Amino acid sequence: MVERIGEQNPAWTAVDAFIADRLLGDDPALSATLAANAAGGLPDIDVSPAQGRMLHLFARMAGARRILEIGTLGGYSTIELARALPADGTLISLEIDPHHAEVARSNIAKAGLGDRVDIRTGPALASLKAMIAADEGPFDFVFIDADKQNNAAYVRAALAMSRPGTTIVVDNVIREGGVLDAASEDERIRGTRELFDAVGAERRLTATAVQTVGVKKWDGFLIAMVD
């Protein structure tokens, strides 16, 4: 078995707070989103403020006009991504849980972004299949943060709706070192390892992964670009 860090390091949280204080500032819409998520009983698994701003910057760097998000939750990352779009841009976000989608729609509307975001409810693989059949691509930026056992399938679907230059980001790919455990019976770890194998074998992608620590403990992102 792989040894993992089970406890939060106080320094990680302190550094994230320092980053937020110096670089992010107050954001009433995002603070209200987190409060609404908590009041609605949603799990506290949103990206951190620093990570959300990173996604926003990535989308701006990509010049994204069309964004696909797989895994909406309460819309925290959705808001950061939608803010990166031009006024006529579009973000399609896929969420399996109707209650989560309802909370997210309210949060996004209150953030003034309802005209740019289309939240679709149902199993993401089914939604993606329908989108591919309807030729809804290409997307300029794709963020994947849903059930980890399907990550490789999500990347394959994203590729089917991409163009050269499309950026794909996948969250939670380190899993406190669990990704090293080839014998793991945890389907999330097995799915993450499958993701690495699939991306590494895909000639259309140039990719890397970056470890992160902070309020979300030890994890990381996989980042890929379509060649």
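A salt bridge, as the term is used here, is a side-chain nitrogen of Lys or Arg within 4 Å of a carboxyl oxygen of Asp or Glu. Keep that in mind as you look at the structure, which is a predicted model.

**Salt bridges**

Why would such side chains pair up at all? Side chains of opposite charge can pair when their charged atoms come close. Counted by the rule above, there are eleven salt bridges in this model.

| Salt bridge | N to O distance |
|---|---|
| Arg22 and Asp21 | 2.5 Å |
| Glu136 and Arg120 | 3.0 Å |
| Arg163 and Asp140 | 3.0 Å |

Let's start with Arg163 and Asp140, whose side chains meet in a salt bridge. This pair ties together distant parts of the chain, 23 residues apart: Arg163 sits in the loop between α7 (151–160) and β5, while Asp140 belongs to the loop between α6 and β4. Are the two partners buried or exposed? Arg163 has a relative accessibility of 28%, so it counts as partly exposed. Asp140 has a relative accessible area of 10%, and because buried means under 20%, Asp140 is buried.

Next up is the salt bridge between Glu136 and Arg120. Glu136 is partly exposed at 22% relative accessible area, and Arg120 is partly exposed at 24%.

**Strand β7 and its partners**

Now find strand β7, residues 217–226. Which strands pair with β7? One is β5 (residues 167–171), which runs antiparallel to β7 and is joined to it by five bridges. Within this pairing, Val169 stands opposite Ile223 of β7.

Another is β6 (residues 205–214), which also pairs with β7 in the antiparallel sense, over ten bridges. In that pairing, look for Leu205 opposite Val226 of β7. To get from β6 to β7, the chain goes through a hairpin of two residues.

How enclosed is β7? Seven of its ten residues are buried, so β7 is largely enclosed by the rest of the structure.

Key
Residues are numbered from 1 along each chain as its sequence is written. This is a predicted model: local features need pLDDT of at least 70, side-chain atom pairs count only at pLDDT 80 or more; totals for chains, interfaces and linings use all residues. Side-chain values use heavy atoms; hydrogens and water are left out. Buried means under 20% relative accessible area, exposed over 50%, partly exposed in between (1.4 Å probe, protein chains only). Helices (H or I, at least four residues) and strands (E, at least two) are DSSP runs, numbered from the N terminus. Two strands pair if DSSP finds at least two bridges between them.
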